[in-house]
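Dear colleague,

I am passing on the structure you will be working with. My notes follow below it.

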Amino acid sequence: MLGPESPIYTVQPKQKRKARRKTKPTTFIDAFVDFSFKRLFATDESKPILIGLLNHLFKGRKYITEIEYGKNEFHGEIAEEGGAVFDVYCTDADGSKFIIEIQRGNQEFFKERALFYISRAISEQAPKGNRKEWAYNLTEVYLVAFLEDFNLPDSPKSEYVQDICLANRHTGKIFYDKLSFMFIEMLNFVKGPDELYTELDKWLYALKHLTEFKQRPDYLSGPEFDQLFTLANYANLTQEERAMYNASLKRKWDNKNVLDYAVKKGLEQGLEQGIEQGIEQGIEQGEHKKAVEMALEMLADNQPIEKIVKYTKLSIEQIESL
C-alpha cells in the first residue's frame, strides 16, 4: 500500500457498537487484501501470473520473459530520512524495475507519495562510489498501482487504466520513456463477462470478482489463469495461511467500518454544527483512521513500535491499545 497509509480515533460506545461483519467463506480469496495480493503476485509460484499481467498492461511496449523479486523496503540515506516499503518490487531480464502496489482508499498527497516511491527506486540505482563512470545511466522504473475504492482526481470515468509519463506539455511528445505510472482504477472497470475483449479485461475481471466465483469460469482459461485460480483457492491454503488471510480480511473490513463510522459521525455532527464544520471533522477522523489502518498492518508485519510511531504519528499508548 502506498505510503505510511495517516489522526481522533473515535470508538463507538459498547452499548451502541454494531456487530462485527462476519465474513462468509468463499471458494476464492479476495485479491485486494495484503495477504492475498502478495500470494498472487509476490511468490515464486506467482511469477507466471505477474509476468502475464505486466505483458498485457504494456501491450507490446515491453515483453517480459523473467522476473526476480527484490527487497521491498528502502531506507533513506540517513536515519532521519523517510523510507519506502513497496508491496511488490521486481526486476525483469533487461533490468527494468517494477513497483506493484494496491491502494484501497484515497489519501492526501497520493500523487506525491507515488512520486516519492518511484524516486526511491531510481535513487537506489546510484552506486556508492565511482558515480562519474556510472554517468547516471538509469534503468527503467515503472509503478503499477491498483486503486480499489477510489479514482484519481479528474480522471475520465470511461477509462480504467491511466498510463502516465513525462511528456512535453505543448507537443505531447514523450520527454523520458524510462519512467511511467500505471494507475488501474477498479471502480471504473464495470465490464461484464460478455464484454471481455482483451486479455487485460479478463485479468481485471478475474481479480475484481474472485470472491464471487464458485468455480473458475470457462472464459478465464489458459496456463496463467490455471495458476491464478490454484493460488486463489481457499481450500489450497494451509491452516497457517488461512489464519493469515482471515486476519488480513478482518483488518480490511475493520478499517472500512472505522472509515464508514468516521464519515457518518462527521455528517451527523455536520447537521448539528453546520455542514462545513461537520465535513472538516469527518476528514480529521478519516485521516486518523488511515493512521490506525497503517498501524494495524505494521503490527501484523511485526514492525518495531518505534517505526510505527514514526510513520503513523500515533502515540505508543494508542498503538499498544490496538
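Which residues of α5 are buried? The model is a predicted one, and in it the buried residues of α5 are L200, D201, W203, L204, Y205, A206, L207 and H209. With eight of its eleven residues buried, α5 is largely enclosed by the rest of the structure.

Helix α5 covers residues 199–209 and helix α6 covers residues 223–232. Their axes are 12 Å apart and meet at an angle of about 10°. Because angles under 35 degrees count as roughly parallel, α5 is roughly parallel to α6. On the α5 side, the contact is made by E199, K202, W203, A206 and L207; α6 contributes E224, F225 and L228. Sorted by class, this contact has five nonpolar and three charged residues, and no polar ones.

K59, in the loop between α2 and β1 (67–69), has a phi near 50°, which is a positive value in a residue other than glycine. K59 is exposed, with a relative accessible area of 69%. A135 sits in the loop between α4 (131–134) and β6. Its phi is near 60°, again positive in a residue other than glycine.

Regards

How values were computed:
Residues numbered from 1 in each chain as written. Predicted model: local features only at pLDDT ≥ 70, side-chain atom pairs only at ≥ 80, totals over all residues. Heavy atoms only, no water. Axes fitted to C-alpha atoms, helices over the stretch in contact; angles between N-to-C directions. Helix = DSSP H or I, 4+ residues; strand = E, 2+ residues; numbered from the N terminus. Parallel < 35°, antiparallel > 145°, perpendicular 65-115°, else oblique. Contact = heavy atoms within 4.5 Å. Nonpolar A, V, L, I, M, F, W, Y, C, P; charged D, E, K, R; others polar. Buried < 20%, exposed > 50% of the residue type's maximum accessible area, 1.4 Å probe, protein only.
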